[in-house]
Amino acid sequence: MEGITNRPCGGRYGDIVESIGNTPLVELKRLSPKPGVRIYAKLESYNPTGSVKDRVARGLIEDAEARGAIAPGQTILEPTSGNTGISLAMICRRKGYPLKVVMPDNVTEERTQLLRMYGAEIVYSPGDQGSNGAVAKALEMAEADASYYMPYQYGNRANPDAHYNGTALEILEELDEVAAFVAGLGTGGTLMGNGRRFKEHDPDTAIVAAEPLQGELVQGLRSLDDGFIPPIIDLSLIDRKIFVSNRDAVVWTKRLLEEEGLFLGVSTGAVAAIATRIAGELDEGNVVFVSPDDGWKYLSSGVYTKPIEQLEDEGVLESASFW
Amino acid sequence: MSTIKIPPVLRPSTGGDREVSAEGANVGEVLRALAVQHPATEGQLFGEDGTLNRYVNVYLNDEDVRVLDGLDTPVKGDDTLVILPAMAGGR
């Protein structure tokens, strides 16, 4: 009987927090537009709580601890539409910090359940104000009560640093060159951290952002000045920034499942739509994209089981929050 | 003639119009043409120095022009400009 010839087991770790990262890079041969152009998905669902945010949450907390910014048992407060909250909930539970998360009330049920399971307290903000509303409410709460520590993923360097020091290095371990790196734009951490590392390695690597096209129902702003740009975002690192509708995101999420056997979250569909488009523009090279999570948390939305026309008729595409 | 899609937050300034047609060789010219048709949009789209308001994103079809050539980004006849408010992506 032959020994293990490919890779050893995923590693041996002192605790679950230490096992974060080192996720697989999987080639999507069926989606490649032409020989010589290879598309790879970095599957961040392999992290302990199932999303890329485990890297960020670990970075946020460990950075705060290293700087002496949090005391044992202090309550952590953070605006998050789910994944960051879930990651923080696991890590805070492990390390003994109570956690309050602020999120829009239109996220899928599974996210709420996971948060409660880990013992986090949820404060809801209006769904029609989207993430802007959650950020505003959390900032209000933090200002009113100095006993909270708010990591503030939108403005904290530890967020992109987790990618600069983790995700990007893992990718560069496996590939000799990266023609294009594609990721979703949320807080900006994935793009900024990976972007900075890839540009240092090779300035010709295209850094491409896929962003959600916010539906009109979600846009609920009174004026343009209610808008929000995460402080960590530096657009000079980004070469292309392309929006993707919920409809296209869902279409591609279904394609990933049907053609590549990958059961991934809806934001991954959006990123894959852009990654394959960029791949189509290249003559050769590797296109790498980050898949933030898998599909389990989005099952209740019907995206994986209902035809796109039915989802449209039911208004799911307009009102759901998939990012 | 390019089509400009107007987000809900700007529609009070266009008399409720969701789409406006305007001509221009680049994004800046098209937006200026919009401001001529609907003067109430000028102060919302542009800062005093004539640059794009930082909370406004303008897309050429589906690509943010800020990472292309900004207001100098060329526009072709059948292109659509989409104006959207800057929103934090959820996470």
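**Figure 1. Packing of helices α1(A) and α5(A) in the predicted model.** Helix α5 of chain A covers residues 158–174, and α1(A) packs on it at an angle of about 115°, the axes being 8 Å apart. Axes are lines fitted to C-alpha atoms, for helices over the stretch in contact, and angles run from 0 to 180 degrees between N-to-C directions. Helices (H or I, at least four residues) and strands (E, at least two) are DSSP runs, numbered from the N terminus. The crossing of α1(A) and α5(A) is right-handed; a crossing is right-handed if the near helix is turned clockwise from the far one by less than a right angle, and left-handed if anticlockwise. From α1(A), the contact uses R55(A), V56(A), R58(A), G59(A), L60(A) and D63(A). From α5(A), A158(A), N159(A), D161(A), A162(A), H163(A), G166(A) and T167(A) take part. Two residues are in contact if their C-beta atoms, placed from the backbone, lie within 7 Å. The contact of α1(A) with α5(A) divides into 4 nonpolar, 5 polar and 4 charged residues, where Ala, Val, Leu, Ile, Met, Phe, Trp, Tyr, Cys and Pro count as nonpolar, Asp, Glu, Lys and Arg as charged, and the others, Gly among them, as polar.

Because the model is predicted, local features need pLDDT of at least 70 and side-chain atom pairs count only at pLDDT 80 or more, while totals for chains, interfaces and linings use all residues. Residues are numbered from 1 along each chain as its sequence is written, and chains are lettered from A and ligands numbered from 1 in the order in which they are written.

**Figure 2. Packing of helices α1(A) and α2(A).** Helix α1 (residues 53–67) of chain A meets helix α2 (residues 83–95) of chain A at an angle of about 50°, with 8 Å between the axes. The two helices are therefore oblique to each other: angles under 35 degrees count as roughly parallel, over 145 as roughly antiparallel, 65 to 115 as roughly perpendicular and the rest as oblique. The crossing of α1(A) and α2(A) is right-handed. On the α1(A) side the contact is made by K53(A), D54(A), V56(A), A57(A), R58(A) and I61(A). On the α2(A) side it is made by N83(A), T84(A), S87(A), L88(A), I91(A) and K95(A). By class, the residues of this contact are 5 nonpolar, 3 polar and 4 charged.

**Figure 3. Packing of helices α2(A) and α3(A).** Helix α3 of chain A spans residues 109–117, and α2(A) packs on it at an angle of about 15°, with axes 9 Å apart. That makes α2(A) roughly parallel to α3(A). The crossing of α2(A) and α3(A) is left-handed. G85(A), I86(A) and A89(A) of α2(A) contact R111(A), L114(A) and L115(A) of α3(A). These residues divide into 4 nonpolar, 1 polar and 1 charged.

**Figure 4. The two domains of chain A.** Domain 1 comprises 17–50 + 167–311 and domain 2 comprises 53–149; the bounds come from an automatic or database domain assignment. The C-alpha centres of domain 1 and domain 2 of chain A lie 23 Å apart. Domain 1 of chain A gives 22 residues to the contact and domain 2 of chain A gives 19. The side of domain 1 of chain A that touches domain 2 of chain A has 10 nonpolar, 9 polar and 3 charged residues.

**Figure 5. The contact of chain A with chain B.** Chain A supplies 37 residues and chain B supplies 22. On the chain A side, the elements giving two or more residues are α2, α4 (130–144), β8 (206–212) and β9 (240–244). The side of chain A that touches chain B divides into 14 nonpolar, 16 polar and 7 charged residues.

**Figure 6. The fold of chain B.** Chain B has 2 helices and 5 strands, in the sequence pattern β-β-α-α-β-β-β. Along its principal axes the C-alpha trace of chain B spans about 40 × 30 × 25 Å.
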